[in-house]
Amino acid sequence: RGRSPSRGLGDVYKRQVAFHGGSFNVGGEGQAMIGGLGCALVALTVGEQLATDLAAIVVLPMMVVAAMLGGAVWAAVPAVLLAWRGSHLVITTIMFNFIASSLMAGLLVGPLKAPGSMMVETVAFPISARMPGMYEILQGFGVDWPRTPLNLTCLLYTSDAADEEDS
């Protein structure tokens, strides 16, 4: 309840964890960006080496763990500054959002960009680092579904929303 469908699970959880700890986290955007960077780095390095369909079972969880570690390490720096220097948490996390945004912009137009591309995006992830699309899953059940960007994460989101309504 109280969550609009446009807000993702990560947006809700990053705020809940901070509030539960008696803190106010405005650095969640930067943490999400660095988490996404960790996820992408694993996809582009490990996913390329394990380029088989079965490898997705290994690579996708590794990507999730890398995203969590990236966000946690990024959040740890302002936390350490607060604990040892008494720095204001809101100010440092806002600054870290800017640093994360600048870092991502630099990486997306530089080392992570596909050669010869003018798009601000990474090189395409290998097949072993992609979440299966709903059209692929439904084809296994004999359902003809058009190729869309919709993938299994929609099921995770809706199942979590249903669990939250039950509680």
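Predicted model: local features only at pLDDT ≥ 70, side-chain atom pairs only at ≥ 80, totals over all residues.
Local features need pLDDT of at least 70, side-chain atom pairs count only at pLDDT 80 or more, and totals for chains, interfaces and linings use all residues. Residues are numbered from 1 along each chain as its sequence is written, and side-chain values use heavy atoms, without hydrogens and water.

**Exercise 1. State how helix 2 and helix 4 are oriented to each other.**

Step 1: locate the helices, which are DSSP runs (H or I, at least four residues) numbered from the N terminus. Helix 2 spans residues 28-49 and helix 4 spans residues 89-108.

Step 2: take the geometry. The axes, lines fitted to C-alpha atoms over the stretch in contact, are 8 Å apart at an angle of about 30°.

Step 3: classify. Angles under 35 degrees count as roughly parallel, so helix 2 and helix 4 are roughly parallel to each other.

**Exercise 2. Decide whether Thr93 is buried or exposed.**

Step 1: Thr93 sits in helix 4.

Step 2: apply the cut-offs. Buried means under 20% relative accessible area, exposed over 50%, partly exposed in between (1.4 Å probe, protein chains only). Thr93 has 5%, so Thr93 is buried.

Step 3: Of the 167 residues of the protein chain, 30% count as buried.

Methods. Axes fitted to C-alpha atoms, helices over the stretch in contact; angles between N-to-C directions. Helix = DSSP H or I, 4+ residues; strand = E, 2+ residues; numbered from the N terminus. Parallel < 35°, antiparallel > 145°, perpendicular 65-115°, else oblique.
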